[in-house]
Amino acid sequence: MRIAIIGDGISGLHLALRLRQLGIDVTLFGAKSPEAVRHGRALNFVARSGSTRRREELLGLDLWASPDTLAEARTVTVHGPEPLTFRADPDPAYSMVDFRLYLPAVVEEYLARGGRHIVTDLTARTAHEAAADHDLVVVAGGRAAGELFPRDPGRSPFDAPQRVLCGGLYRGIGETVPHSIEFHVVPGVGEVLRMPFHCAEGRVDVLGLEAVPGGPLDPLCRTPYAEDPAHFHSVVLDVLHRYVPDLRERVDERAFGLNRPADLVQGGVVPVVRRAWRALTGTTYALAVGDAWIVNDPITAQGANLGSHCALELAEAIAAGPPYDEAFCRAAEERMWPYAESVVQWTAAFVRPPSPQLLSLFRAADADPAVAAAFAVNFDDPPAMWRSIASPERTAAFLAEVRSGATPPEGSAVSSTPDSASAAAGTSRTQPWADLTARPS
Ligand SMILES: Cc1cc2nc3c(=O)[nH]c(=O)nc-3n(C[C@H](O)[C@H](O)[C@H](O)COP(=O)(O)OP(=O)(O)OC[C@H]3O[C@@H](n4cnc5c(N)ncnc54)[C@H](O)[C@@H]3O)c2cc1C
């Protein structure tokens with residue numbers, strides 16, 4: 001059997017490496033050579049979770065183990081009239097390596113193991129051509145490649161970006177807690193994320209601003225950089241001063257600035273769940289994985305981790321053997337969806353105005369380190385996270401379990417269709433800002 005994988009991001013690469021480990025013939029298609037990816041613009045700033053790192057161990061990837069690439073601590077701060085802050089340290093640590101280093105290195109590792117890699121357009125034409133001499137085509141080409149699969153309106157919580165993003169790699173920002181991620185929530189305004197990051201020039205910091213569309217941060221996130229870098233920097237410093245003053249105090253103005261012009265990502269992501277599969281010919285099917293299937297707002301840092309999770313699930317399904325027909329595609333989707341749904345629901349809950357139960361969970365974490373620690377564990381366990389915040393009753397049960405010292409029970413993800421009120425909230429916002437689907441070359 002021969003499997004084509006269209007896309008060599010984390011989803012396509014983890015799938016390709018696993019299939020080869022399982023003895024399956026793979027052709028991996030990518031849009032650029034490893035060298036071109038290394039010298040391109042930033043498209044994202046990915047924190048890889050402990051679960052993803054464990055999968056990398058299984059795949060025999062041991063590329064960045066240095067402590068400089070890891071974050072062992074995380075603080076969550078809610079600003080505003082009822083401020084609170086708590087530590088929710090990841091264990092194991094997260095790894096933060098620029099995908100312009102990570103992806104080419106993994107492609108080169110795949111090639112070193114004898115893998116086949118073809119540089120071409122990641123378009124529908126490539127998928128159709130691949131169908132001629134492969135038994136299954138897996139589309140892992142990211143958001144743009146997803147257009148091959150129609151949006152699933154019943155599963156998609158929104159139809160417009162829920163945040164205006166302005167994320168970049170900066171110099172001159174200090175940390176209170178070494179190797180820490182800090183996540184600031186400013187109700188009604190948006191979020192500010194700072195985290196250490198390893199890029200080609202070494203250690204920098206990601207500063208991610210996520211503005212509620214139409215809110216006070218929105219126009220600031222659209223400030224162009226290239227026209228007037230000094231003005232851009234002064235706007236960013238002003239945002240920090242206004243909304244996260246403790247972070248502003250840690251900025252050394254003489255050293256502060258964007259690492260390079262290509263290290264800035266601005267725009268919006270439309271959260272979407274697409275149909276997971278379609279027929280390409282009478283007998284050959286295409287299955288979507290990663291962002292080609294599901295796009296989440298980056299607020300919960302789940303997209304790449306979900307892509308990796310689904311890639312390994314799909315590898316096991318493929319390894320069970322052909323036929324890779326419609327029944328196979330349905331079964332593969334059913335296998336991946338419960339976990340993926342919990343990411344979609346949790347992320348939707350984080351971009352909506354915080355629910356009373358989420359605020360009560362944050363308050364409990366502020367008061368009790370055991371709750372904060374349990375919340376931290378859930379960050380790398382989306383079904384558990386969604387169970388703990390899905391409803392006031394679920395949150396109460398989660399808090400009771402933590403306080404009693406019991407381990408919260410394992411179970412399936414809480415399933416719920418997005419309610420019409422929230423869906424309407426997603427559609428009612430006008431969104432003139434270009435979405436990030438159109439990738440810069
Ligand atoms: C600002 C931002 C921050 C994010 N932060 C996180 C996070 O912390 N944790 C998390 O899990 N997810 C995060 N995400 C989401 C994550 O980037 C995607 O979900 C993930 O990359 C999807 O992987 P994929 O393989 O399915 O598709 P893609 O990554 O889109 O890959 C598809 C194709 O694009 C190419 N490609 C991908 N990245 C690059 C690049 N940098 N340069 C050139 N080509 C590239 C690949 O080679 C591949 O052929 C973030 C996204 C954004 C926009």
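This is a predicted model: local features need pLDDT of at least 70, side-chain atom pairs count only at pLDDT 80 or more; totals for chains, interfaces and linings use all residues.

Most peptide bonds are trans.

## Positive phi values

Most residues other than glycine have a negative phi. H179, in the loop between β10 (164–171) and β11 (180–186), has a positive phi near 50°, and because its relative accessibility is 22%, H179 counts as partly exposed. A301, in the loop between β19 (294–295) and α10, likewise has a positive phi, near 55°, and is partly exposed with a relative accessible area of 32%.

## Helix α1

Helix α1 covers residues 10–21 and spans 16 Å from its first C-alpha to its last, close to the 16 Å expected for its 12 residues. Of these 12 residues, 10 are buried, so α1 is largely enclosed by the rest of the structure; among the buried residues are I10, H14 and R18. After α1 comes G23, with a positive phi near 80°.

## The crossing of α3 and α10

The axes of α3 (residues 50–58) and α10 (residues 303–319) come within 9 Å and cross at roughly 40°, and the two helices are therefore oblique to each other. The crossing is left-handed. T52, R55 and L58 of α3 make the contact with N305, S308, H309 and L312 of α10, a set comprising two nonpolar, four polar and one charged residue.

Notes:
Residues are numbered from 1 along each chain as its sequence is written. Side-chain values use heavy atoms; hydrogens and water are left out. Helices (H or I, at least four residues) and strands (E, at least two) are DSSP runs, numbered from the N terminus. The expected span of a helix is 1.5 Å times one less than its number of residues. Buried means under 20% relative accessible area, exposed over 50%, partly exposed in between (1.4 Å probe, protein chains only). Axes are lines fitted to C-alpha atoms, for helices over the stretch in contact, and angles run from 0 to 180 degrees between N-to-C directions. Angles under 35 degrees count as roughly parallel, over 145 as roughly antiparallel, 65 to 115 as roughly perpendicular and the rest as oblique. A crossing is left-handed if the near helix is turned anticlockwise from the far one by less than a right angle, and right-handed if clockwise. Contact means heavy atoms within 4.5 Å. Ala, Val, Leu, Ile, Met, Phe, Trp, Tyr, Cys and Pro count as nonpolar, Asp, Glu, Lys and Arg as charged, and the others, Gly among them, as polar.
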